[in-house]
Amino acid sequence: MDWKQALLQSRGWMAAFIFLILVTFVLSLSTGVMPVGMNEILAVLSGSGTPKQELVLLHLRLPRMIIALLIGAGLALSGSILQGLSRNSLADPGILGINAGAGLAVVLSIYLFGQSGGSLLAKPFFLPVFAFAGALAIAALIYRFSWKGGIDPERLLLVGLGFNALCGALLLILQLKMDPKDFQQAAIWLTGSIWGIQWPYVWALLPWILVLMPVAFIKARTMNILQFKQEVPVALGLRVESERRLLLCLSAALAGACVAAGGGIAFIGLLAPHLARRLCGPNYFSNLPLAALIGAALVLIADMIGKNLLAPADIPVGIVISVIGAPYLIFMLLTRKGTGLKA
């Protein structure tokens, strides 16, 4: 099946999630500590709103909603790639340690560069670079220690779990040695908080998503071929290990950029690809774009819940996602058969 047929078969689900995103977007824009009606939203969009309405809608709510969409799509694609590489539906950038590696690099940079970590966190264009370096370093180590005459998908998953635990321990050590103010900022950021996100963070993350997302879609055919046993990709002329290295770097780049913007948001890379596979099957031509839409919808919905449930307090989106994702992970483990990608 080519990409056109795959997209046509899944167009109904894609349209449904696009509609869900649009509805949630409008609801999230109008709800919060200061409710805003549709007439006021239209007035602001037409340029006739009050300064207070413009501040709330255009400078406080809109950037965090857009960053939620970008983070959700990026983490979902990263998880889809990792699940395709490991041929295991439990693979996730959070579980494999790639998110933790990105977070460790950012926290380490806070600890090393400056007397106040807030000064670095206030420079969003630097954060994706540090996070990508950390994610890529962990991805390279995972690949290196998983290598034994080739990459075994199950070994890749086990090694990733080990590095995830290691990065978590190093993060805790670093946080304990930080200045109390920096510790508090890092702790909130690591929970997956997008509260206070402003436009510079959007502009810092957007180029990474715009460049890496099309590359992921282009690699859909390669990922479909990699689902077969080793002999089939080789017979088709695919440079298996080179492609695996490239896909692992692509996944690390997506996860690192998203962690830099939103902190440690877990489970999106697990939930979105799994739901996409249940809805449209294992074909990556349709699986990847649908997973991106599902991930974007999940983070946007979680953000809307987080800012309204205990208002005026703001629950980090990472905590909301974890409350949803942990029971789903247990459900997956209880209903899962074998180690493959079959949902």
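Modeller: What follows describes the salt bridges one after another. This is a predicted model, in which local features need pLDDT of at least 70, side-chain atom pairs count only at pLDDT 80 or more, and totals for chains, interfaces and linings use all residues. Residues are numbered from 1 along each chain as its sequence is written, and side-chain values use heavy atoms, with hydrogens and water left out.

The structure holds four salt bridges, a salt bridge being a side-chain nitrogen of Lys or Arg within 4 Å of a carboxyl oxygen of Asp or Glu. One of them joins the side chains of Arg64 and Asp303, at 2.5 Å from N to O, and this pair links Arg64 in helix H4 with Asp303 in helix H15 (residues 284-308), 239 residues apart; helices here are DSSP runs of H or I with at least four residues, numbered from the N terminus. Arg64 is buried at 7% relative accessibility, as is Asp303 at 2%, where buried means under 20% relative accessible area, exposed over 50% and partly exposed in between, with a 1.4 Å probe and protein chains only.

Arg64 also forms a salt bridge with Asp314, with the closest N and O atoms 3.2 Å apart. Because Asp314 lies in the loop between H15 and helix H16 (317-335) while Arg64 is in helix H4, this pair ties together parts that are 250 residues apart in sequence. Asp314 is partly exposed, at 26% relative accessibility, and Arg64, Asp303 and Asp314 are linked in a network of salt bridges.

Elsewhere, Arg244 forms a salt bridge with Glu241, at 3.3 Å between the closest N and O atoms.

Conventions:
Helix = DSSP H or I, 4+ residues; strand = E, 2+ residues; numbered from the N terminus.
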